[in-house]
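Please study the sequence and the structure shown below before reading further.

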Amino acid sequence: MDYLIQLTDVVVSYPAEDGGEKSVLENIDLRIRPREFVSLVGPTGCGKSTVLRLLLGSQFPTSGTVLFDGRPVRHIDRHRGIVFQKYGLFPHLSVLDNITFGPELEQLNLWNRIFKYATQKYWQVVREQRELARDLITRIGLAPGDCEKFPFELSGGMRQRVAIAQSLIMRPRLLMMDEAFGALDESTREEMQLLLLEEWEKNDMTVIFVTHNVAEALFLGTRVIGLSQHWEDEDGRPAKGARIVVDAESGGKHPKPTSYKYSPEFNALLQKIREDVLDPTQRTRLCEFNLSHRDALRD
Amino acid sequence: MLFSTRIRIDVRWSLVLSALPFVVLVGLYLGTAYVRHARNPDDKIVPTLGKLIDGAKRSVTPDKSGKVQLLLDTWASAKRFGIALAIVFLAVPLGVMMGCFPFWESLLYRFVVFTDKIPAIALLPILFIAFGLGELSKVALMVIGVFPTVCLDAYLRAKSIPDEQFQKAQTLEASGFETVWLVVYPQIFPRMLDTIRLNFKSMMALLLAGEALAASVGLGYRIFVVRRYLAMDVIIPYVIFMTVLLYAADVTFQWWAQRYKWVDRE
């Protein structure tokens with residue numbers, strides 16, 4: 001299978017209060033190969049999170065198909081993990097318990113848990129998983145002493161590290177980041193970006209990174225997709241829902257050094273994308289969409 | 001000073017001020033008792049401190065068959081209260097299920113809201129007629145009075161758990177049952193202890209009502225049965241004792257809830 005993800009003619013709309021239809025996404029066509037790092041940018045409220053929810057399996061398109069690994073997405077499962085901006089961790093569990101939550105569920109059933117004092121299996125599984133979790137914890141940059149801490153004792157950056165580890169330990173084929181670094185300060189964000197890139201390279205994983213920070217999108221992704229409702233068709237009629245207005249390679253050789261952020265080509269592309277995708281006063285015309293990526297679909 | 005938001009009261013003055021209403025109350029009582037006894041030494045309605053202490057002693061000394069009245073009454077009431085409390089705890093998982101699963105919400109929400117509005121004491125005659133004058137009616141009264149309230153509170157708390165946690169749990173391959181039992185229920189349990197604790201007063205009131213009307217032993221029974229003899233010297237110590245017991249139960253639940261240090265902390 002060439003493409004891990006295929007969205008075909010996806011439309012998401014819902015009935016509006018005045019009886020009409022409110023369109024969120026209009027004719028989204030998207031193909032993503034395995035092991036891509038896709039940055040999804042767009043203005044706030046354009047439907048980026050909707051795209052993630054379609055891929056996650058928590059929302060279904062009004063029409064069109066969403067295929068993952070050739071099969072339609074019907075429910076949320078371990079193959080598509082997600083890291084949210086907030087509320088990602090379970091506050092009543094320690095860091096270690098948060099991370100071993102998934103693997104323990106996988107290997108232990110109700111009887112194991114009820115009769116935990118009677119069988120060896122429970123303790124064995126817990127011990128193994130905690131070992132694996134500790135390795136992962138050090139790899140993502142936390143100290144061994146942080147293992148028994150609770151989320152309320154952690155800083156924003158540490159929480160996101162744990163949230164990422166929580167997803168990674170399930171070895172998903174797709175990792176979705178929903179503005180995951182949006183609440184972090186600049187220097188923490190840079191550390192997290194590098195961490196994410198490392199993890200992406202080490203694992204056989206595709207990443208879709210949603211952000212409204214175009215610089216971050218260009219730096220991280222091999223492919224940049226811009227979703228925007230600020231476009232108009234050939235006859236000048238304004239858009240109803242969001243479409244993919246930009247689908248391009250992000251330029252620069254991969255892996256990009258952090259100095260790439262200061263290069264002129266980076267800034268030129270940054271400007272262009274800001275105009276095309278984010279600026280509400282600039283309506284991009286349908287024929288002018290920058291759909292230059294080899295996997296981009298043009299109707 | 002009285003209406004200033006800026007003054008700070010140091011610990012010693014704070015204690016003095018807190019003691020003041022108690023002192024006034026006790027002082028008024030003892031004053032009234034003294035005045036009435038000066039006029040009529042056999043006054044039974046406002047016993048003096050000495051008579052109160054005598055009444056208390058009578059409750060705690062073993063009678064002819066070696067049994068202590070107060071202990072028997074306390075044990076009988078505690079049994080009823082304890083059974084009702086155990087059943088009320090079941091309202092928490094039920095409320096959580098209602099909050100997490102649309103099926104249970106549709107089925108039960110309106111029904112629970114309705115039963116919450118029933119004035120529980122009004123059910124007392126119905127319960128006595130249907131189930132007789134035994135333990136079942138008294139326990140049922142407490143349960144019917146308090147269960148819906150606790151259930152609704154659990155429901156609201158379960159509904160306020162952010163969607164992100166449910167979705168995350170599902171990416172970690174948690175089934176509906178596992179999500180409820182491992183993610184939602186543990187998070188709301190400490191706050192539910194507070195809710196249950198706040199309902200102790202209602203439960204106690206319902207228990208006393210039930211015991212007043214149909215019991216042969218129990219704290220409520222005792223204070224109502226001795227009113228025929230105007231035995232304020234027994235009633236008042238009993239009331240003070242009940243208050244102290246409830247206070248101890250309240251503090252115990254507070255301590256229990258505080259052991260979960262992650263609650264409501266960001």
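How many residues of chain B are in contact with chain A, and how many residues of chain A are in contact with them? In this predicted model, 17 residues of chain B are in contact with 22 residues of chain A. On the side of chain B that touches chain A, the elements that give two or more residues are helix H8 (163-171) and helix H9 (176-198) of chain B. The largest share, six residues, comes from H8(B). Sorted by class, the side of chain B that touches chain A divides into six nonpolar, five polar and six charged residues.

Chain A may be considered next. Chain A contains eight helices and twelve strands. Its radius of gyration is 21 Å, close to the 19 Å that the globule rule gives for 299 residues, so chain A is as compact as a globular protein of that length. Taken along the principal axes, the C-alpha atoms of chain A fill a box of roughly 75 × 45 × 40 Å.

The domain assignment divides chain A into domain 1 (1-79 + 173-299) and domain 2 (91-171). As the bounds show, domain 1 of chain A is written as two stretches, 1-79 and 173-299, while domain 2 of chain A is written as 91-171. The C-alpha centres of these domains of chain A lie 31 Å apart. Where the domains touch, twelve residues of domain 1 of chain A are in contact with eight residues of domain 2 of chain A. Helix H6 (residues 186-202) of chain A supplies five residues, the largest share of the side of domain 1 that touches domain 2. That side of domain 1 of chain A consists of seven nonpolar, two polar and three charged residues.

Attention now turns to chain B. Chain B has twelve helices and zero strands, and its pattern along the sequence is accordingly written α-α-α-α-α-α-α-α-α-α-α-α. The radius of gyration of chain B is 24 Å, whereas a compact globule of 266 residues would have one near 18 Å. The C-alpha trace of chain B spans about 80 × 60 × 35 Å along its principal axes. The domain assignment of chain B gives domain 1 (1-44) and domain 2 (60-258). Between the centres of domain 1 and domain 2 of chain B, taken over C-alpha atoms, there are 33 Å.

The packing of helices within chain B can be followed pair by pair. Two packed helices are described by the angle between their axes and the distance between the axes.

H7(B) passes H10(B) in a right-handed crossing. On H7(B), the residues that make the contact include Leu141(B), Met142(B) and Val146(B); on H10(B), they include Met203(B), Leu206(B) and Leu207(B). By class, the contact of H7(B) with H10(B) has six nonpolar, four polar and two charged residues.

H7(B) also packs with helix H5 (residues 102-117) of chain B, at an angle of about 135 degrees and with the axes 8 Å apart. That angle makes H5(B) oblique to H7(B). H5(B) passes H7(B) in a left-handed crossing. Here Val112(B), Val113(B), Thr115(B) and Asp116(B) in H5(B) meet Pro148(B), Thr149(B), Cys151(B) and Leu152(B) in H7(B). The residues of this contact are five nonpolar, two polar and one charged.

A further pair returns to H9(B), one of the elements on the side of chain B that touches chain A. H9(B) packs with helix H12 (residues 232-258) of chain B at an angle of about 170 degrees, with the axes 9 Å apart. H9(B) and H12(B) are therefore roughly antiparallel to each other. In this contact, Pro190(B), Leu193(B), Asp194(B), Ile196(B) and Arg197(B) of H9(B) meet Asp250(B), Phe253(B), Gln254(B), Trp256(B) and Ala257(B) of H12(B). The contact of H9(B) with H12(B) divides into six nonpolar, one polar and three charged residues.

Definitions and conventions. Residues are numbered from 1 along each chain as its sequence is written. Chains are lettered from A and ligands numbered from 1 in the order in which they are written. This is a predicted model: local features need pLDDT of at least 70, side-chain atom pairs count only at pLDDT 80 or more; totals for chains, interfaces and linings use all residues. Domain bounds come from an automatic or database domain assignment. Two residues are in contact if their C-beta atoms, placed from the backbone, lie within 7 Å. Helices (H or I, at least four residues) and strands (E, at least two) are DSSP runs, numbered from the N terminus. Ala, Val, Leu, Ile, Met, Phe, Trp, Tyr, Cys and Pro count as nonpolar, Asp, Glu, Lys and Arg as charged, and the others, Gly among them, as polar. A crossing is left-handed if the near helix is turned anticlockwise from the far one by less than a right angle, and right-handed if clockwise. The radius of gyration is taken over C-alpha atoms; the globule rule is 2.2 Å times the number of residues to the power 0.38. Axes are lines fitted to C-alpha atoms, for helices over the stretch in contact, and angles run from 0 to 180 degrees between N-to-C directions. Angles under 35 degrees count as roughly parallel, over 145 as roughly antiparallel, 65 to 115 as roughly perpendicular and the rest as oblique.
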